[in-house]
Amino acid sequence: MIRKKVLAVDDSSIVRKIIKNAVAALNYDLLEASDGMDALDVLQKHYEDTRLILLDWNMPGMNGFDFLLAVKNNRFYRNIPVMMITTEGEKGNIIKAVQAGVSNYLLKPFRTEELMKKILDITGTAGE
């Protein structure tokens, strides 16, 4: 059986490592990308197994919001839930992200338990 995957898109390898430990505890495999362009390449190969995208807003190259729009405008990817995990806490940007289709929003710094609860809230199950 193929394990379900979570895609973490963040330019910080430290944040991706924290996310990796959290999703591993929930029996998901982690896919990683350091910016939106890399993430689109990863999604192209793995979208059928990807249950959730965890997305930073502020990244070099293609930022998280532009990546979100690209995902929601792609018929193969649009149904994959996206949760923003970011320092971008300005109310207007949170509203913009929700209107564009994010399922949840978590501000950095965050507690691992909070991340795990939000992942389960969105996916409804562990990854096996």
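Predicted model: local features only at pLDDT ≥ 70, side-chain atom pairs only at ≥ 80, totals over all residues.

User: Fine. How many residues does the largest nonpolar core have?
Analyst: The largest nonpolar core has 25 residues. Those with the most contacts inside it are Leu7, Val9, Leu43, Ile53, Leu55 and Phe67.

User: Which helices and strands each supply at least two residues of this core?
Analyst: The strands are β1 (5-9), β2 (29-33), β3 (50-55) and β4 (82-86). The helices are α2 (36-46), α3 (64-72) and α4 (91-100).

User: Take Ile53. What does Ile53 touch?
Analyst: Leaving out residues up to four places away in sequence, Ile53 touches Leu7, Val9, Leu43, Phe67, Val71, Ile80, Pro81, Val82 and Met83.

User: On to the helices. At what angle do α2 and α3 pack?
Analyst: About 25°, and their axes are 9 Å apart. An angle under 35 degrees counts as roughly parallel, so α2 is roughly parallel to α3. The crossing of α2 past α3 is right-handed.

User: Which residues make the contact?
Analyst: From α2 there are Gly36, Ala39, Leu40 and Leu43, and from α3 there are Phe67, Ala70 and Val71. By class, the contact of α2 with α3 has six nonpolar residues, one polar and no charged.

User: Now α3 and α4. At what angle do their axes cross?
Analyst: The axes of α3 and α4 cross at roughly 15° and come within 10 Å. That angle makes α3 roughly parallel to α4. Here the crossing, of α3 past α4, is left-handed.

User: Which residues meet there?
Analyst: Phe65, Leu68, Leu69 and Lys72 in α3 meet Lys96, Ala97 and Ala100 in α4. The contact of α3 with α4 divides into five nonpolar, no polar and two charged residues.

User: Different topic. Where is Glu48 found?
Analyst: Glu48 sits in the loop between α2 and β3.

User: Is Glu48 buried or exposed?
Analyst: Glu48 has a relative accessible area of 66%. Exposed means over 50%, so Glu48 is exposed.

User: What separates the C-alpha atoms of Glu48 and Ala70?
Analyst: Those two C-alpha atoms are separated by 17 Å, with Glu48 and Ala70 being 22 residues apart along the chain. Ala70 is one of the α3 residues in the contact with α2.

Methods. Residues numbered from 1 in each chain as written. Heavy atoms only, no water. Core = buried A, V, L, I, M, F, W, Y, C linked by side-chain atoms within 4.5 Å. Buried < 20%, exposed > 50% of the residue type's maximum accessible area, 1.4 Å probe, protein only. Helix = DSSP H or I, 4+ residues; strand = E, 2+ residues; numbered from the N terminus. Contact = heavy atoms within 4.5 Å. Axes fitted to C-alpha atoms, helices over the stretch in contact; angles between N-to-C directions. Parallel < 35°, antiparallel > 145°, perpendicular 65-115°, else oblique. Left-handed = near helix turned anticlockwise from the far one by under 90°. Nonpolar A, V, L, I, M, F, W, Y, C, P; charged D, E, K, R; others polar.
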